[in-house]
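Subject: The structure I promised you

Hi,

Here is the structure I said I would pass on. Please open it next to this email, and then read on for what turned up in it.

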Amino acid sequence: MDDVMAERGYTTRLLTEDTWPDFARLVEANNGVWGGCWCMGFHPEGFSAGSAEGNREAKLARVREETVHQLLVYDGDEAVGWCQFGSPDEIATIKNATAYARELTDLPDWRIGCIFTDRRHRGQGVARAAVTGVLAEIVAAGGGVVEAYPEQVDDRPPQRGAYLHTGPETLYADLGFERDRRIAKWRWVMRRQVTG
């Protein structure tokens with residue numbers, strides 16, 4: 001178990017129909033998350049539903065169809081954050097896609113999309129617990145190459161937490177990811193091989 005998870009008492013659970021109410025409470029408590037995203041932005045259909053309610057229904061449909069990989073972080077009985085992950089087909093829409101494709105040699109087995117932490121719990125290790133839990137899920141699923149697209153935080157002005165929806169580069173570096181290539185001024189492709 002990760003030190004932060006043990007120290008803070010965080011636990012994790014996958015997003016399923018059983019945990020949907022916890023996820024929905026967290027999203028609703030945070031104004032739909034980034035204007036009503038409901039964590040749909042990285043899925044192939046993106047925001048095609050056209051509204052926050054449409055995004056909610058699209059996400060619930062994915063949960064019911066079991067075509068979503070997402071790990072919720074709990075503080076006691078309350079979901080306080082999450083990390084979205086999946087295959088490149090599931091996490092198909094990434095920022096800076098043209099720059100990403102320019103030097104692409106091979107797709108990863110897994111991608112990490114967004115990370116979200118409830119505003120009352122930011123700076124308390126929720127994102128670290130989420131990514132650590134995702135890596136454990138990937139190990140259990142057989143492992144492979146995992147890719148993330150974090151924001152560089154060193155050598156730049158401080159950013160709001162919401163801006164860092166793909167996580168800070170320092171978090172991934174701490175968890176063994178290495179820079180692969182730059183795809184925007186402050187965004188990197190970072191990779192890690194995980195053995196199942």
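Predicted model: local features only at pLDDT ≥ 70, side-chain atom pairs only at ≥ 80, totals over all residues.

The protein chain has an average pLDDT of 91, and 94% of the residues score at least 70. Among the elements of the chain, strand β2 (residues 69–75) has the highest mean pLDDT, 98, while helix α1 (residues 3–8) has the lowest, 62.

**The largest pocket**

The volume of the largest pocket is about 380 Å³. Its lining is made of 21 residues, and I115, T117, G123, A127 and P168 lie nearest the centre. Which elements each supply at least two residues of this lining? They are β4 (110–117), α5 (126–140) and α6 (169–174).

Now find Y149, in the loop between β5 (143–148) and α6. Is Y149 buried or exposed? Its relative accessibility is 2%, and buried means under 20%, so Y149 counts as buried. Leaving out residues up to four places away in sequence, Y149 touches I94, Y100, P108, R111, I112, T166, I183, R187, W188 and V189. The side chain of Y149 also makes a polar contact of 2.5 Å with the side chain of E147.

What does the side chain of T166 reach at 2.8 Å? It reaches the backbone oxygen of Y149. Not counting residues up to four places away in sequence, T166 touches F42, G113, I115, Y149, P150, E151, Y172 and R187. I115 is also one of the residues nearest the centre of the largest pocket.

Q70 lies in strand β2, the element with the highest mean pLDDT. At 1% relative accessibility, Q70 counts as buried. The side chains of Q70 and K59 are joined by a polar contact of 2.7 Å. Apart from neighbours within four places in sequence, Q70 is in contact with R13, L14, L15, F23, C39, K59, W82, C83, Q84 and F85.

F23 leads us to helix α2 (residues 20–29), where W20, D22, F23, A24, L26 and V27 are buried. What covers these buried residues of α2? The cover includes β1 (10–14), α3 (52–65), β2, β3 (78–86) and β4.

Most residues other than glycine have a negative phi. C39 is not a glycine either, and its phi is positive, near 60 degrees. You will find C39 in the loop between α2 and α3, and it counts as buried at 2% relative accessibility. E66 also has a positive phi of about 60 degrees, although it is not a glycine. E66 sits in the loop between α3 and β2. Is E66 buried or exposed? Exposed means over 50% relative accessible area, and E66 has 69%, so it counts as exposed.

**One last stop: S87**

S87 is in the loop between β3 and α4 (97–102). With a relative accessible area of 28%, S87 is partly exposed. Its contacts, not counting residues up to four places away in sequence, are D109 and W110. S87 and E147 are 60 residues apart along the chain, and their C-alpha atoms are separated by 9.9 Å. E147 is the residue whose side chain makes the polar contact with the side chain of Y149.

Best wishes

Definitions and conventions. Residues numbered from 1 in each chain as written. Heavy atoms only, no water. 1 Å grid on protein atoms, 1.4 Å probe; cavity = no way out; pocket = protein on both sides within 12 Å on 5 of 7 lines; lining within 4 Å. Points joined across faces, edges and corners; volume = space filled by probe spheres on them. Helix = DSSP H or I, 4+ residues; strand = E, 2+ residues; numbered from the N terminus. Buried < 20%, exposed > 50% of the residue type's maximum accessible area, 1.4 Å probe, protein only. Contact = heavy atoms within 4.5 Å. Polar contact = N/O pair within 3.5 Å; in protein donor to acceptor, adjacent residues only side chain to side chain. pLDDT = per-residue confidence, 0-100.
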